[in-house]
Amino acid sequence: MYSGIVFPDIDPEIFRIGFFALRWYSLAYLVGILLAWWLLRQMSVFSKSTFTVLKIDDFLGYAIAGIIFGGRLGYVLFYNLGFFIENPLDIFALWKGGMSFHGGLLGMIIATIIFCKKKKIDLFMVSDMLCTVAPLGLFLGRLANFANAELYGRVTHSVPWAIIFPTGGIEPRHPSQLYEALWEGLLMFIILNFIWWKKEKYRRHYGFIAGLFFCLYGCGRAVLELFREPDEHLGFIASNLTMGQLLCIPMIIFGAWLMYQSAPTYQLKKISKGKNDNA
């Protein structure tokens, strides 16, 4: 049995100048968006994509709006609706925290659809590129969760790296934020980038990499939720499932369908069928 590691003394504020304070979560968003923007530009040049460098620059504003508004609205609707009905002005208090990945994802999808329709470029081609860089932000976001000592894991006495979080009581807990940073961030980034940069046949079949992102995230998040403490005001939703796990189910189904529809073998069957029908 392990007693646990005491959480290091990390100030949620990196620095403060007057009324302005830079927090870890804000820094994670800022750095994640800038790194993704830079990498998208390199991908555009490498693949000679119609999602050009100039269009990527234009898309930046759409992306920020989709992530922030979607992430906040998702948190309000999925995780704490009762509180915000009673305190509607707190919906706009972003500095107090409270963002949902699934909401941010929906916001990004809507923003991407609007942008691609306006610019007349392929939605799934752009989606593949965005999903390839998205783990950068997920990695930094989970590290910020850890620095803020929030979204910590369930009580455990069986692992030597268990941590006693300042707001998690006296029992040692799984550092589930770091587990998620490892899977959602580092490992997914390596997998998706290897396929995009090295496997041209999958890169050319638009939608496959986006579908893989949905599946990898959904499956990984569903498993990692087993180590994460459910939200106190929600607990378990149904049959010991958390809200995060429930939201991953449609994500996995959609991702699997998207991969199947865009897979090279399926596309060849469609082409072959079309030739036979016209014969």
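A pocket, on a 1 Å grid over the protein atoms alone, is an open set of points where a 1.4 Å probe fits, with protein on both sides within 12 Å along at least five of seven lines, and its lining residues have an atom within 4 Å of a point. This is a predicted model, in which local features need pLDDT of at least 70 and side-chain atom pairs count only at pLDDT 80 or more, while totals for chains, interfaces and linings use all residues. Residues are numbered from 1 along each chain as its sequence is written, and side-chain values use heavy atoms, with hydrogens and water left out.

The second largest pocket has a volume of about 160 Å³, a volume being the space filled by probe spheres set on the grid points. Among the lining residues are Phe69, Gly103 and Ile110.

| Class in the lining | Residues |
|---|---|
| nonpolar | seven residues |
| polar (Gly among them) | five residues |
| charged (Asp, Glu, Lys and Arg) | no residues |

Helix H4, residues 101–119, reaches 26 Å from its first C-alpha to its last, close to the 27 Å expected at 1.5 Å a residue. Its buried residues (under 20% relative accessible area, 1.4 Å probe, protein chains only) include Phe101, Gly103, Gly107 and Phe115, and the cover over the buried residues of H4 includes helices H2, H5, H8 and H9. Just after H4, Lys120 takes a positive phi of about 60°.

How values were computed
Helices (H or I, at least four residues) and strands (E, at least two) are DSSP runs, numbered from the N terminus. The expected span of a helix is 1.5 Å times one less than its number of residues. Buried means under 20% relative accessible area, exposed over 50%, partly exposed in between (1.4 Å probe, protein chains only). Contact means heavy atoms within 4.5 Å.
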